Amino acid sequence: MNNPLHTLSQFVTQTDYAALPAPLVEKAKRHFLDTLGAALAGSQAELTQRTLRAMNASESDGASVIWGTEQGLSARNAALVNGIAAHALELDDAGGCDHSGAVVVPAMLAVLPLCDPMPSGQELINAMVIGYDVARRVLEACGGYSPHNEAGWHSTGTCGVFGAAAACARLLKLDATQTASALGLAASMSGGLWAFIHDGADSKKLHAGRPAEGGVLAVLLAREGVTGPNQVFDDVWGGFLRTLARDTAQPEALTADLGVIWKLARCSIKPYAACRGTHSAIDAIGELLSELDIKADEIESIDVSASEFLVGMCAGLDTTTLAASQMSLPYALAVRCLLGHAGLDAYEEKLRGDVEVLGFMQRIRMHSDASLAPLDEPRLTLTRKDGRSASRQVKTPLGGPLNPIGDDALLEKFRSLATRALPDVHVERLVALCLNLDQKTDLQDLLDLLRFP
């Protein structure tokens with residue numbers, strides 16, 4: 001029987017850019033740009049600034065850029081800070097490990113100064129696609145998103161570390177044996193609990209930064225000959241799947257259709273600054289408001305029929321913290337109805353405590369529907385004050401692979417976010433660089449553009 005760890009390590013070391021389908025390359029460039037935009041805006045978030053101060057207390061400057069700032073740190077700590085920044089505002093992509101971009105991209109760029117020679121744009125894209133693939137495969141081997149997360153694990157933290165390790169191993173040109181050790185070591189750096197859901201704690205955002213950091217550390221150790229467990233994905237005591245997914249493991253998912261089905265292709269780019277679980281409902285209420293041609297003050301109630309999983313994750317009414325608000329489906333619906341959007345500005349502190357917003361949330365009811373599978377999208381019923389009602393279920397929310405946002409919307413999102421941290425001229429040069437990343441032979445320009453001038 002083949003050892004899945006060895007199969008994955010061969011995949012990481014042997015997959016060439018030429019094997020990537022052209023549409024996948026184009027999608028990768030757009031997810032790369034989107035992640036940078038989310039992180040540049042997130043670099044200004046208080047959580048990111050606090051993390052940066054904590055890192056500054058324990059180490060001096062390093063060669064890896066802290067995006068949107070004048071500063072550099074070690075590769076490990078840059079991956080940590082930039083990963084937190086990428087996830088800080090809930091605008092990063094979803095559908096991978098879950099938030100693969102906020103893990104894989106910060107890890108990759110953190111190790112670029114350690115690469116000799118500097119990789120090309122094509123090599124960076126190749127490593128990124130590999131990282132997304134490995135991270136998602138580990139999640140699927142755990143049984144998939146809903147059972148793994150229902151068990152209390154936050155998959156971005158538990159599975160993302162393998163994607164970061166895979167991408168960095170490729171960039172640093174580790175051989176298959178070293179790569180297997182890096183993936184094995186990454187398993188011991190896996191972690192992330194859903195405990196934050198009860199009080200909106202900041203720990204959720206660390207679940208992107210920590211696996212980025214862990215992936216970098218695992219690769220640096222493996223490069224120096226530190227070994228990881230050879231049977232980490234086998235059905236043995238202490239193995240990753242037996243420990244974290246004893247009752248749900250599907251180990252065959254680690255290698256099924258490897259190099260044929262690319263996991264990045266299933267990922268979503270977020271149009272809204274909220275948990276992806278709220279997006280279908282935001283789309284549905286927007287369609288209902290438009291079709292009925294009504295305003296918020298004409299709405300009597302909104303009933304949301306959702307899976308038990310989604311109710312447990314997104315039915316909260318707490319708006320005291322940004323993290324709690326972004327997980328709240330009632331809040332997302334309230335701001336969409338009252339403001340006409342659920343963008344980043346809708347989650348500002350003054351709005352989270354606004355009397356009108358909080359009052360409107362009381363008109364929204366969420367309840368479990370046993371007929372809906374964990375990842376099924378919710379059904380909304382809007383009732384007007386005159387008693388008339390209409391219902392809607394959006395099964396393909398905006399931003400997903402079956403309903404992607406166009407380039408105009410993507411660039412509008414990127415510019416609105418990146419200009420919070422960088423001058424317009426840098427932002428426009430980043431747009432051009434990222435959309436032509438496969439043509440770049442020297443990535444030093446990329447690192448220079450991400451640093452505040």
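The following exercises, each with a worked solution, concern the predicted model shown above.

Residues are numbered from 1 along each chain as its sequence is written. In this predicted model, local features need pLDDT of at least 70 and side-chain atom pairs count only at pLDDT 80 or more, while totals for chains, interfaces and linings use all residues; side-chain values use heavy atoms, with hydrogens and water left out.

**Exercise 1. Overall form**

Task: Determine whether the radius of gyration of the protein chain agrees with that of a compact globule.

Solution:
- Step 1. The rule for a globule is 2.2 Å times the number of residues to the power 0.38, and the radius is taken over C-alpha atoms.
- Step 2. For 453 residues, a compact globule would have a radius near 22 Å.
- Step 3. The protein chain has 21 Å, which agrees.

**Exercise 2. A residue in its surroundings**

Task: State whether glutamine 326 is buried or exposed, and name residues in contact with it.

Solution:
- Step 1. Glutamine 326 is found in helix H14, residues 322-326; helices are DSSP runs of H or I with at least four residues, numbered from the N terminus.
- Step 2. Buried means under 20% relative accessible area, exposed over 50%, and partly exposed in between, with a 1.4 Å probe and protein chains only.
- Step 3. Glutamine 326 has a relative accessible area of 0%, so this residue is buried.
- Step 4. Contact means heavy atoms within 4.5 Å. Leaving aside neighbours within four places in sequence, the contacts of glutamine 326 include Ala88, Lys205, Cys275 and Tyr347.

**Exercise 3. Salt bridges**

Task: Describe the salt bridges of lysine 29 with glutamate 26 and of aspartate 345 with arginine 420.

Solution:
- Step 1. A salt bridge is a side-chain nitrogen of Lys or Arg within 4 Å of a carboxyl oxygen of Asp or Glu. The whole structure holds 26 salt bridges.
- Step 2. In the pair of lysine 29 and glutamate 26, the closest N and O atoms are 3.0 Å apart. Both residues lie in helix H2 (residues 22-42), three residues apart, about one turn of the helix.
- Step 3. Lysine 29 is buried at 3% relative accessible area, whereas glutamate 26 is partly exposed at 31%.
- Step 4. Aspartate 345 and arginine 420 meet at 3.1 Å, N to O. Aspartate 345 lies in the loop between helices H15 and H16, and arginine 420 in the loop between helices H18 and H19, so the pair ties together parts that are 75 residues apart in sequence.
- Step 5. Aspartate 345 is partly exposed at 39%, and arginine 420 is partly exposed at 42%.

How values were computed. Helix = DSSP H or I, 4+ residues; strand = E, 2+ residues; numbered from the N terminus.
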